[in-house]
Amino acid sequence: NSASGYWSTFRGLLKILYRNGLIRNNVNDFLEKIETEDVVKDYLSVEELYKLAETPCKKPVLKTASLFSCMTSLRISDILALCWEDIVDYSAGGKCVHIIPISEEALDLIGYSPDKRGMVFKGLQRCWTQTYMKGWIRSAGITKKITFHSYRRTFATLQAAAGTDIRTIQSMMAHKSITTTQRYMKVVDSNKREASKKITLMRKD
């Protein structure tokens, strides 16, 4: 549609400006913070998330970062900058990062310890999302066009399917407009702390 065409043109122009040094900040960091208003793009189903969790990746830190994004909605720019010191006590109990509560399973995934310092995903490189990540996804038998931002969509969509309240998802994803969140939603009541536990990498019997 016309909206998608304008958005594609806008992205292209920004990338040209960045390559020519007219924009200093990484254009991908800027683009990924913009939630478009058209259809929801590809995301992982619960079964596909299981498959990714069970499939080895040539870069283990990339796998861990990807699964952590699915469980927290953190963008690639947040993942790359995340330090152990950013994981702090949450007011309702447990731990959080950037006011997003983190489940015990997500903490176990990254090997959290209060004594750790420095980068959480040390050595992770953005370019791996264009190379190693695609190979890993293919190895899992997933044919969808999955980008790192798809993990954020996965978080929102699976939270909605799990029955998490629309306002809770809006808050956790820092959406400025609830109309953005509504693309993922079945509106029911829940709360922010419990919502962080609803996405799991472990199969249920």
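**Entry 1: helix H3**

Which residues of H3 are buried? I looked them up and found Glu48, Leu49, Tyr50 and Leu52. Buried here means under 20% relative accessible area, exposed means over 50%, and partly exposed lies in between, with a 1.4 Å probe and protein chains only. The buried residues of H3 pack against H4, H7 and H8.

**Entry 2: ground rules**

I noted that this is a predicted model, where local features need pLDDT of at least 70 and side-chain atom pairs count only at pLDDT 80 or more, while totals for chains, interfaces and linings use all residues. Residues are numbered from 1 along each chain as its sequence is written, and side-chain values use heavy atoms, with hydrogens and water left out.

**Entry 3: the overall layout**

I looked up the elements next and found eleven helices and three strands in the protein. Both kinds are DSSP runs numbered from the N terminus: helices are H or I with at least four residues, strands are E with at least two. Read from the N terminus on, the order is α-α-α-α-α-β-β-β-α-α-α-α-α-α. Of the 205 residues, 45% count as buried. I also checked contacts, meaning heavy atoms within 4.5 Å. Among contacts with a separation of 6 or more, 69% join residues 24 or more positions apart.

**Entry 4: H3 beside H4**

How do H3 and H4 pack? Helix H3 (residues 46–54) and helix H4 (residues 60–72) meet at an angle of about 155°, and their axes are 10 Å apart. The axes are lines fitted to C-alpha atoms, for helices over the stretch in contact, with angles from 0 to 180 degrees between N-to-C directions. The crossing of H3 and H4 is left-handed; that word applies if the near helix is turned anticlockwise from the far one by less than a right angle, and right-handed if clockwise.

I then listed who makes the contact: Leu49, Leu52, Ala53 and Glu54 from H3, with Lys63, Leu67 and Cys70 from H4. By class, the contact of H3 with H4 has five nonpolar, no polar and two charged residues. For these classes, Ala, Val, Leu, Ile, Met, Phe, Trp, Tyr, Cys and Pro count as nonpolar, Asp, Glu, Lys and Arg as charged, and the others, Gly among them, as polar.

**Entry 5: H4 beside H8**

The axes of H4 and H8 come within 6 Å and cross at roughly 35°. This crossing is right-handed. H4 brings Ala65, Ser66, Ser69, Cys70, Met71 and Thr72 to the contact, and H8 brings Phe148, Tyr151, Arg152, Thr154 and Phe155. I sorted the residues of the contact of H4 with H8 into six nonpolar, four polar and one charged.

Thr72 lies in helix H4. Is Thr72 buried or exposed? Thr72 counts as buried because its relative accessibility is 0%. Leaving aside neighbours within four places in sequence, Thr72 is in contact with Ile100, Ile102 and Phe155.

**Entry 6: the core**

How many residues does the largest nonpolar core have? I found 43, and those with the most contacts inside it are Leu44, Leu49, Leu52, Phe68, Ile79, Phe121 and Tyr151. Such a core is a set of buried Ala, Val, Leu, Ile, Met, Phe, Trp, Tyr and Cys residues joined through side-chain atoms within 4.5 Å. Among the elements that each supply at least two residues of this core are H3, H4, helix H5 (76–81) and helix H8 (148–161). I followed up Ile79, which touches Ala65, Phe68, Ser69, Leu74, Phe121, Leu124 and Phe148, not counting residues up to four places away in sequence.

**Entry 7: two positive phi values**

Most residues other than glycine have a negative phi. Phi of Ser73, though, is near 75°. Ser73 lies in the loop between H4 and H5 and counts as buried, at 2% relative accessibility. Phi of His98 is near 50°, also a positive value. His98 lies in the loop between strand S2 (95–97) and S3, and is partly exposed, with a relative accessible area of 46%.

Met172 lies in helix H9 and is buried, with a relative accessible area of 3%. Met172 and Ile99 are 73 residues apart in sequence and 7.7 Å apart in space, C-alpha to C-alpha.
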